[in-house]
Amino acid sequence: MTGYDIDGVLTAGYKPKPGDVVISGRTFAEYDHTARRAAQICPVYIRGSGRFGDDADAGEFKAMMIKRLGVTTFYEDSETQIAIIKRVNPDVEIIHVRRS
């Protein structure tokens, strides 16, 4: 199963397909049109609560969801979150989406 982040990944033009998942460190207050559009195609998992911009907490949430859902490949742009995801899920292939 393939998973995608929202900011820096979906917003950079990557598009999930049916059968994929979107896992975001966003809170419910930040749920916007990009997340709503993705939710019409595949499940979207949102952190729900927390401080805006808390990269470490968002990374921990994503790592837990990746493990729980059995995601094997994940597209992410945050180096902090990539490190956390790799620590928790060493066998998951992480595609580092570079910001331009």
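A residue is called buried here when its relative accessible area is under 20%, exposed when over 50%, and partly exposed in between (1.4 Å probe, protein chains only). By that criterion, buried residues account for 46% of the 100 residues in the protein chain. The model is a predicted one, in which local features need pLDDT of at least 70 and side-chain atom pairs count only at pLDDT 80 or more, while totals for chains, interfaces and linings use all residues. Numbering starts from 1 along each chain as its sequence is written, and side-chain values use heavy atoms, with hydrogens and water left out.

Three helices and five strands make up the secondary structure of the protein chain, where helices (H or I, at least four residues) and strands (E, at least two) are DSSP runs numbered from the N terminus. Read from the N terminus, their order is β-β-α-β-α-β-α-β. The C-alpha trace spans about 30 × 30 × 30 Å along its principal axes.

Turning to the interior, a nonpolar core is a set of buried Ala, Val, Leu, Ile, Met, Phe, Trp, Tyr and Cys residues joined through side-chain atoms within 4.5 Å. The largest such core has 13 residues, and Ile23, Ile66, Val71, Phe74, Ile85, Val92 and Ile94 have the most contacts inside it. Two or more residues each come from β2 (21-27), α2 (55-69) and α3 (79-88), with α2 giving the most, four residues. Another core, of eleven residues, lies apart from it and includes Leu10, Val22, Cys42 and Ile46.

Asp77 sits in the loop between β4 (73-76) and α3 and is buried, with a relative accessible area of 7%. Contact means heavy atoms within 4.5 Å; leaving out residues up to four places away in sequence, Asp77 touches Asp5, Asp7, Gly8, Val9, His96, Val97 and Arg99.
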